[in-house]
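Q: I'm new to this one. Can you put it up so we can go through the aromatic rings?

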Amino acid sequence: MPITRAEKARRTRQRMLDAAARLFTERGWTRTTVEDVARAAEVGVQTVYFTFGNKRALLKEVLDVAVAGDTDPVATLDRPWAREVLAEPDPAAQLARQAAGARRVLERAAPVLEVVRTAAAAEPELAGLWRLNREQRHTVQLRFAEALVAKTALRDGNDAASAADIALTILGPETYDLLVTGRGWAADRWERWAAEALVRQLLP
């Protein structure tokens, strides 16, 4: 059966995204050019520009795909794992599900997030992308925290806002990168530590 035009375009787009993800994480933002991505994906430079617009938009899509795990336009809170977090009746089990979900996301996305974070200090256009990602992560954690406070009182007078801040810190890419990439922790060890830290910080 011949490949349809739409399927060919999808495969070409995915090839460009895969090439960009590899180059950005290997070389960083500054040392990766659109020309490099085009060469690695075996497409013309204009194909990359036509598909994504510019280098920042390309990196943003690489990040979005890494966070989601696919190219489907489904928000994090509408994904099955997030719905399971919200529906979990036991507070400690909810926090364990949050840690497990964060681990799955960060195993894919942490290297790309580190590219954005390190480049943000010198690149205003990436500083905005980093702020947007952090705001999106906070939105997710705040919704989880609101679900948590509906199930139990929190420790030390914490409310949903402060619980979201704590979860944002414990489950953030900075903490994951420090312990897993920097200190050599296995991802499952980080997940157990994160779940236990959330329980100790938030539950009475």
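Q: What sits over the ring of tryptophan 185?
A: The charged end of arginine 189, at 3.8 Å from the ring centre. A charge counts as over a ring if NZ of Lys or CZ of Arg is within 6 Å of the ring centre and within 35 degrees of the ring normal. This is a predicted model, where local features need pLDDT of at least 70, side-chain atom pairs count only at pLDDT 80 or more, and totals for chains, interfaces and linings use all residues. Residues are numbered from 1 along each chain as its sequence is written, and side-chain values use heavy atoms, with hydrogens and water left out.

Q: Which residue lies over the face of tryptophan 29?
A: Lysine 55, at 4.2 Å from the ring centre.

Q: OK, ring pairs. How many aromatic pairs are there?
A: Four. Rings of Phe, Tyr and Trp (its six-membered ring) pair if their centres lie within 6.5 Å; planes under 30 degrees apart count as stacked, over 60 as edge-to-face and the rest as tilted. One of the pairs is tyrosine 176 with tryptophan 190, edge-to-face at 5.1 Å between centres and 80° between planes.

Q: Where do tyrosine 176 and tryptophan 190 lie?
A: Tyrosine 176 is in helix α9 (residues 173–182) and tryptophan 190 in helix α10 (residues 187–202), so the pair ties together parts 14 residues apart in sequence. Helices (H or I, at least four residues) are DSSP runs, numbered from the N terminus.

Q: Is tryptophan 190 buried or exposed?
A: Buried, at 0% relative accessibility; buried means under 20% relative accessible area, exposed over 50%, partly exposed in between (1.4 Å probe, protein chains only). Tyrosine 176 is also buried, at 5%.

Note on methods. Helix = DSSP H or I, 4+ residues; strand = E, 2+ residues; numbered from the N terminus.
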